[in-house]
Amino acid sequence: MTAPYEQPQAPIWQGGQPLGSYISPIPVRRATLGDALASEWTKIRSVRSTVWTLSVMIVLMVGIGSLVAWAVSFAEQTPDGESVLPMGFFGVLLGSICVITLGVLTIASEYGTGMIRTTLTACPSRGRVLAAKSIVFFLLVFTTTTVTAALVGGIQVALLGGRAPTGEEWLRATFGVGLYVALLGLLALAVGALIRHSAGAITIMIGLVLLPLVLAMFMFSPSMADVQEALFSYSIPSQLAVLYDTSMTGSGPSGWDPLFIGAGVTAVAMVLAAFALNRRDV
């Protein structure tokens with residue numbers, strides 16, 4: 001005779017867990033923004049693109065700034081009555097291309113490799129992921145650019161002497177420039193989140209930097225004079241020059257206005273990036 005069918009016994013529970021089951025010693029808790037920040041900091045400092053782009057930016061800022069100051073020091077007339085800090089403009093303008101590249105790669109490279117799926121699986125809150133990437137990237141670029149701009153300014157003052165820059169001039173040429181370049185990189189990050197393609201997003205950002213100036217140079221018609229002046233005044237190179245107390249047109253933004261304009265444009269782009277990240281699939 002075969003044994004009658006035996007019903008499986010219910011598991012014996014003890015202390016809220018099945019008897020004999022494994023209880024992890026690691027406490028289980030909900031992920032926070034701090035966890036996302038730690039994860040993004042680990043990623044951004046461990047990839048080669050961060051080291052290369054920021055290293056090239058530092059070399060461009062220090063190298064070009066020092067070269068311009070060295071060349072001016074051999075001129076017959078040195079700018080005795082003017083601040084020498086604007087000579088760092090050319091290095092910062094070229095270095096900003098490196099920041100744009102890093103901003104795009106910070107998020108678009110994850111779409112290219114498919115790692116964005118792992119990131120969003122570990123942290124399902126997409127807004128938190130975008131916020132963590134933005135905060136880590138912004139602070140890294142702002143710190144690096146500000147310190148490098150201060151170093152370049154010190155080199156230029158030591159080589160040329162002349163009138164000592166005022167406190168406000170130092171603040172704009174270091175803190176202000178660092179903020180503006182970091183905002184420009186953050187705008188690139190938002191464009192990378194919208195485009196999801198590294199080469200395309202970098203091309204768009206470089207066009208945004210250079211295209212207004214190129215268009216303005218070919219507007220010869222008197223009827224286009226107002227448009228030409230607006231393109232010159234509100235182009236990114238012109239706004240960056242304003243922070244060095246120089247202007248291409250003598251009109252348009254002045255003082256700290258470029259930072260307010262950059263912050264407004266970047267905020268709109270980040271809102272669109274967050275909306276697209278939440279609405280689209282990966």
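A polar atom of the T146 side chain lies 2.7 Å from the backbone oxygen of F142. Such a polar contact is a pair of N or O atoms within 3.5 Å; within protein, one must be able to donate a hydrogen and the other to accept it, and residues adjacent in sequence count only if both atoms are side-chain atoms. T146 belongs to helix α5, residues 126-160. Helices (H or I, at least four residues) and strands (E, at least two) are DSSP runs, numbered from the N terminus. T146 is buried, at a relative accessible area of 16%. Buried means under 20%, exposed over 50%, and partly exposed in between (1.4 Å probe, protein chains only). Beyond its neighbours within four places in sequence, T146 is in contact with T174, F175 and G178. Contact means heavy atoms within 4.5 Å.

The model is predicted: local features need pLDDT of at least 70, side-chain atom pairs count only at pLDDT 80 or more, and totals for chains, interfaces and linings use all residues. Residues are numbered from 1 along each chain as its sequence is written, and side-chain values use heavy atoms, with hydrogens and water left out.

The protein has 10 helices and 2 strands. Along the sequence, the pattern is β-β-α-α-α-α-α-α-α-α-α-α. Of its 282 residues, 41% count as buried. Contacts between residues at least 6 apart in sequence join residues at least 24 apart in 76% of cases.

Helices α3 (residues 89-113) and α6 (residues 167-195) form a crossing. Their axes come within 7 Å and cross at roughly 35°. Axes are lines fitted to C-alpha atoms, for helices over the stretch in contact, and angles run from 0 to 180 degrees between N-to-C directions. The crossing is right-handed, meaning that the near helix is turned clockwise from the far one by less than a right angle. On the α3 side, the contact includes V92, S96 and V99; on the α6 side, V177, V181 and L184 are among the residues. The contact divides into 12 nonpolar, 5 polar and no charged residues. Here Ala, Val, Leu, Ile, Met, Phe, Trp, Tyr, Cys and Pro count as nonpolar, Asp, Glu, Lys and Arg as charged, and the others, Gly among them, as polar.

Two loop residues have positive phi. Most residues other than glycine have a negative phi. R196 has phi near 65° and lies in the loop between α6 and α7 (198-217). D245 also has phi near 65°. D245 sits in the loop between α9 (236-242) and α10 (257-279). At 42% relative accessibility, D245 is partly exposed.
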